[in-house]
Amino acid sequence: MKRWTAAATTALILAGMVGGVAHARQSASSAPIDVAADNQETINSKCITIFSGNVEILQNRSRMRADKVTVYSAKKPGADNQCADAQRMEAEGSVYIVSQNQQARGDRAVYTFNNSIAVVTGDVVLVKGKDVARGDRLTVNTKTNDAKLESTAKGRGTQRRVRAVFYQNEDKTTGAPAAADQRP
């Protein structure tokens with residue numbers, strides 16, 4: 001089975017793109033981030049920025065769409081209504097994340113900056129080429145690329161268990177044995 005990294009890449013896209021939007025300390029890419037939404041609301045007293053209505057975030061060849069994206073930042077100590085770096089980002093409603101060759105979707109995504117953990121929940125679908133994986137909850141550590149896909153359904157024969165379909169590399173030859181070395 002070939003190595004499949006859609007989960008890790010999805011979380012990196014999510015982390016990199018929202019890192020720039022939220023002015024995080026470090027972004028996965030230094031490319032500009034383009035955010036489009038029907039509405040933007042900034043609540044400085046709570047250090048919250050809310051993008052709502054057909055939200056689309058673009059960076060390089062990566063894209064994230066959601067109905068609503070909320071960025072929670074830390075308050076600067078001793079400063080009234082001044083916000084520091086982002087702590088958490090939440091995307092809600094038809095979350096769709098696309099990179100150059102991978103896609104993921106779910107109902108909700110949360111990225112926590114201090115521990116580099118991304119969690120996508122609700123009818124999670126990951127696609128890379130022809131390969132597809134489904135589950136209810138995807139958790140990815142974006143620093144280590146450790147990923148876990150889970151389902152609330154348990155037991156053989158139950159619906160909505162974690163399921164993945166991997167296609168073999170089409171470039172490889174069939175199972176024919178290698179030719180013997182024939183030297184004169």
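In this predicted model, cysteine 47 counts as buried, because its relative accessibility is 4%, under the 20% limit. Cysteine 83 has a relative accessibility of 27%, so this residue counts as partly exposed. The two cysteines form a disulfide, with their sulfur atoms 2.2 Å apart. The torsion about the S-S bond is about -95°, so the disulfide is left-handed. The bond links distant parts of the chain. Cysteine 47 lies in the loop between β2 (39-43) and β3, and cysteine 83 lies in strand β5, 36 residues apart. A search of the whole structure finds one disulfide.

The largest nonpolar core has 23 residues. Those with the most contacts inside this core are Met64, Val69, Met89, Ala91, Val95, Leu126 and Leu138. Two or more residues come from each of β3 (48-59), β4 (62-75), β5 (83-98), β6 (102-112), β7 (117-128) and β8 (131-141). Strand β5 gives the most, with five residues.

Aromatic rings were also examined. The structure holds one aromatic pair. Tyrosine 111 and phenylalanine 113 form this pair, which is edge-to-face. Their ring centres are 4.9 Å apart, with 90° between the planes. Both tyrosine 111 and phenylalanine 113 are buried.

Two other tyrosines have a charged side chain over the ring face. Arginine 88 lies over the face of tyrosine 72, at 4.1 Å from the ring centre. Lysine 130 lies over the face of tyrosine 167, at 5.8 Å from the ring centre.

Conventions: Residues are numbered from 1 along each chain as its sequence is written. This is a predicted model: local features need pLDDT of at least 70, side-chain atom pairs count only at pLDDT 80 or more; totals for chains, interfaces and linings use all residues. Side-chain values use heavy atoms; hydrogens and water are left out. A nonpolar core is a set of buried Ala, Val, Leu, Ile, Met, Phe, Trp, Tyr and Cys residues joined through side-chain atoms within 4.5 Å. Buried means under 20% relative accessible area, exposed over 50%, partly exposed in between (1.4 Å probe, protein chains only). Helices (H or I, at least four residues) and strands (E, at least two) are DSSP runs, numbered from the N terminus. A disulfide is a pair of cysteine sulfur atoms within 2.5 Å. Rings of Phe, Tyr and Trp (its six-membered ring) pair if their centres lie within 6.5 Å; planes under 30 degrees apart count as stacked, over 60 as edge-to-face and the rest as tilted. A charge sits over a ring if NZ of Lys or CZ of Arg is within 6 Å of the ring centre and within 35 degrees of the ring normal.
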